[in-house]
Amino acid sequence: MAIATQGTASNYLQRAPSPSGLADVIDLILDKGLVIDAYVRIAVIGIELITIDARIVIASVDTYLRFAEAVNRLDLTQTEAAGLAELRGDNGGGDKEKGMIEGAKEAFSGDRRQKERSEKD
Amino acid sequence: MAARTSSRAGPDSAAVGGLYCYGVTWAEVGPPDGASGVGGEAVGVVADGGLAALTSAVASMAIKAKRRDLLNHSEVLAAALERGTVLPLRFGVVFEDESALVDEFLRPRREELERLLRQFEGRVELTVRADYDEQAILAEVVNDNPRIARLREETRQGNAAATYPLKVELGELVAAELRKRTDRDQRALLDRLRKLAVDFEVDQEPIEHQVLRASFLVEREKVSAFDDAMEELAREHAGRIRFKYVGPLAPHSFVSVGPSGAV
């Protein structure tokens with residue numbers, strides 16, 4: 001059973017002692033774990049009910065059009081609290097071409113995250 | 001030196017079927033309590049020397065695995081981990097019978113299995129998945145890139161045919177921005193978490209809006225530090241990244257044995 005932690009991030013961290021969904025279990029036990037060859041017979045003939053919801057990223061015109069639609073549908077007034085911290089702060093966008101983690105933190109976290117600077121190693 | 005069996009996973013019940021194997025523990029650890037196995041069968045152990053395989057009877061060598069069976073496999077291993085170190089097997093390993101399990105697996109690989117059990121003593125796997133909130137990350141992209149913001153305005157109205165090339169360009173720019181952010185954020189998350197781990201493994205398959213999917217091998221006494229790090233990360237990225245954090249688990253992502261005969 002998943003247990004949400006308390007605090008402001010409660011909706012964004014889902015903690016569970018063991019895999020709660022089929023997708024997580026599949027990740028763990030179909031692809032991973034000890035495999036022993038030759039001596040044993042692995043005789044699973046069918047796995048039913050397996051659906052993976054995740055979409056693999058494929059660079060194609062279809063993907064681009066889908067992203068364009070998603071961006072067009074965006075209601076920026078609704079996402080302001082979550083996404084626009086950088087507009088309230090200084091101009092973090094100038095750093096992004098460097099692809100540096102530092103730049104990313106500036107741009108994405110704005111003034112809410114001053115304390116993180118001191119935690120960096 | 002005869003193989004010993006407890007519970008219902010005995011030779012009689014396995015006569016026509018096989019013996020499903022979940023993992024390997026030290027013999028003194030014993031079978032896990034309460035977890036039911038594949039097909040709802042009771043889980044027992046087959047011990048040889050200091051090692052024990054966690055097993056249950058299966059009706060036939062050809063298993064038609066169901067959703068419940070996959071979950072049970074995982075739960076048996078989780079229950080075993082509460083009692084001691086366990087080496088998890090991949091789903092679907094079936095031996096013909098108890099003597100096949102002992103003669104073809106436990107005994108010839110004893111040294112290797114014992115070495116692995118010592119190696120993973122006190123260490124557990126923690127898995128982390130981090131996914132962008134789609135609305136939030138797209139808003140970041142639009143607000144951070146003036147060209148994207150302009151193309152977005154230009155393609156929001158007007159007829160579809162006229163704006164088609166602009167939409168493709170817009171989407172391509174958005175895709176590139178997302179890739180850049182994913183790389184940056186993945187590195188930042190890994191930099192924070194890898195320090196707390198003995199080993200880690202990152203799943204490289206690119207999934208849409210996924211920042212990170214990774215497994216960390218962590219000393220048990222460091223798990224609470226890892227918990228703290230996860231909470232910090234979730235606070236720092238609240239609103240833009242959702243984390244799913246699972247464990248402690250048996251070291252699924254970190255165990256491996258050599259090819260047959262390499263013992």
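Two strands count as paired here if DSSP finds at least two bridges between them. Keep that in mind as we walk through this model, which is a predicted one.

Strand 3 (residues 44–48) of chain B and strand 4 of chain B pair in the antiparallel sense, with five bridges between them.

Strand 4 of chain B has another partner to look at. Strand 2 (residues 18–26) of chain B runs antiparallel to strand 4 of chain B, and eight bridges join them. In this pairing, G18(B) stands opposite V58(B) of strand 4 of chain B.

So which way do the residues of strand 4 of chain B point? L51(B), A53(B), T55(B) and A57(B) point one way, while A52(B), L54(B), S56(B) and V58(B) point the other way, and all are buried. A residue is called buried if 20 or more other C-beta atoms lie within 10 Å of its own. Since eight of the eight residues in strand 4 (residues 51–58) of chain B are buried, this strand is largely enclosed by the rest of the structure.

Now step back to chain B as a whole. Its domain assignment gives domain 1 (4–121) and domain 2 (124–249). Taken over C-alpha atoms, the centres of domain 1 of chain B and domain 2 of chain B are 38 Å apart.

Further along chain B, have a look at helix 4 (residues 134–144) and helix 5 (residues 146–156), whose axes come within 5 Å and cross at roughly 105°. Helix 4 of chain B and helix 5 of chain B are therefore roughly perpendicular to each other. V141(B), V142(B) and N143(B) of helix 4 of chain B make the contact with I148(B), A149(B) and R152(B) of helix 5 of chain B. By class, that contact has four nonpolar residues, one polar and one charged.

Helix 5 of chain B also leads us over to chain A. Its axis and that of helix 2 (residues 61–73) of chain A come within 10 Å and cross at roughly 85°, which makes these helices roughly perpendicular too. Here A68(A), V71(A) and N72(A) meet R152(B), T155(B) and R156(B), and the contact divides into two nonpolar, two polar and two charged residues.

As for chain A itself, there are six helices and four strands, running β-β-α-β-β-α-α-α-α-α from the N terminus. Of the 121 residues in chain A, 21% are buried.

Conventions. Residues numbered from 1 in each chain as written. Chains lettered and ligands numbered in written order. Predicted model: local features only at pLDDT ≥ 70, side-chain atom pairs only at ≥ 80, totals over all residues. Domains from an automatic or database assignment. Axes fitted to C-alpha atoms, helices over the stretch in contact; angles between N-to-C directions. Helix = DSSP H or I, 4+ residues; strand = E, 2+ residues; numbered from the N terminus. Parallel < 35°, antiparallel > 145°, perpendicular 65-115°, else oblique. Contact = placed C-beta atoms within 7 Å. Nonpolar A, V, L, I, M, F, W, Y, C, P; charged D, E, K, R; others polar. Buried ≥ 20, exposed ≤ 12 C-beta atoms within 10 Å, placed from the backbone.
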